[in-house]
Amino acid sequence: ALSQELYVKDMLRRYAPHLATTMRSFDSPMADDVQYSPEQCPAAGSQEAEDMAPLRETYMSVVGALLWLAACTRPDLTYTTSVLARFVSNPARIHYVAMQRVLAYLQTTPDVSLVLRPDSKQSGVDIYTDSSWDEKFSVSGCVIFFEGCLVVWYSRRQRTVSHSSAEAEYIAASLAAR
């Protein structure tokens, strides 16, 4: 089992002041019913931009720490982290609240680990892909299992515009095959 429990606890200790307003516990790192877009980012010189300026460095630091977790041992954070990373240069209050939710989620799941245990019932490589087609650039996700163990995972934006959901799925499958 690969665990980064100490890293998560250290991260939560470091960013504890940013958890003060979030006392709830969450069973998922991101809300299902909220959409995040560049239009939500504050305009330069606006009051929201001034309010977010002191929080921008913390936001960037937390997203960087989440990227490390998502890449190494926490596939459950992959999509959420990729969404938050899109707004690192100019986060809005809604993005900051989403970051706080991820920290609250980590507070309830610091000991989640990646278990590499071959499954005697499964042999070979299993690849699962999916994509969303609700934005200009679709998002592809992939998980790859070897002998029943999760060894590769990612969630990333596709670089081309898909003209149908079938095309977005085809691109996702093509990326996974590579």
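Analyst: We begin with helices: helices (H or I, at least four residues) and strands (E, at least two) are DSSP runs, numbered from the N terminus. The expected span of a helix is 1.5 Å times one less than its number of residues. This is a predicted model, in which local features need pLDDT of at least 70 and side-chain atom pairs count only at pLDDT 80 or more, while totals for chains, interfaces and linings use all residues. Residues are numbered from 1 along each chain as its sequence is written, and side-chain values use heavy atoms, with hydrogens and water left out.

User: How many residues does helix α4 have, and what distance does it reach from its first C-alpha to its last?

Analyst: Helix α4 covers residues 93–108, which is 16 residues, and reaches 23 Å between its first and last C-alpha, close to the expected 22 Å.

User: Which residues of α4 are buried, and against which elements do they pack?

Analyst: Buried means under 20% relative accessible area, exposed over 50%, and partly exposed in between (1.4 Å probe, protein chains only). In α4 the buried residues are H95, Y96, A98, M99, Q100, R101, V102, L103, A104, Y105 and L106. Contact means heavy atoms within 4.5 Å. The buried residues of α4 pack against α1 (5–14), α2 (47–72) and α3 (78–85).

User: With which residues is H95 in contact, leaving aside its neighbours within four places in sequence?

Analyst: H95 lies in helix α4, and it counts as buried because its relative accessible area is 0%. Apart from neighbours within four places in sequence, H95 is in contact with Y36, S37, Q40, C41, Y59, L84 and F87. A polar contact is a pair of N or O atoms within 3.5 Å; within protein, one must be able to donate a hydrogen and the other to accept it, and residues adjacent in sequence count only if both atoms are side-chain atoms. The side chains of H95 and Q40 make such a contact at 3.3 Å.

User: How many salt bridges does a search of the whole structure find?

Analyst: Side chains of opposite charge can pair when their charged atoms come close. A salt bridge is a side-chain nitrogen of Lys or Arg within 4 Å of a carboxyl oxygen of Asp or Glu. The search finds four salt bridges. One of them joins K9 and E5 (3.0 Å, N to O); these residues are about one helical turn apart because they are four residues apart in helix α1. K9 is partly exposed at 37%, as is E5 at 27%. Also in helix α1, D10 and R14 are four residues apart, about one turn, and their side chains meet at 3.3 Å, N to O. A further bridge links D76 and R74 (3.0 Å, N to O). D76 is partly exposed at 29%, whereas R74 is buried at 1%. Salt bridges with shared partners join D10, R13 and R14 into one network.

User: Which residues have the most contacts inside the largest nonpolar core?

Analyst: A nonpolar core is a set of buried Ala, Val, Leu, Ile, Met, Phe, Trp, Tyr and Cys residues joined through side-chain atoms within 4.5 Å. The largest has 29 residues, and those with the most contacts inside it are M11, L66, L77, L84, L103 and L106. Two or more residues come from each of α1, α2, α3 and α4, and α2 gives the largest share, nine residues. L106, leaving aside neighbours within four places in sequence, is in contact with V8, M11, L12, L66, L69, R74 and L77.
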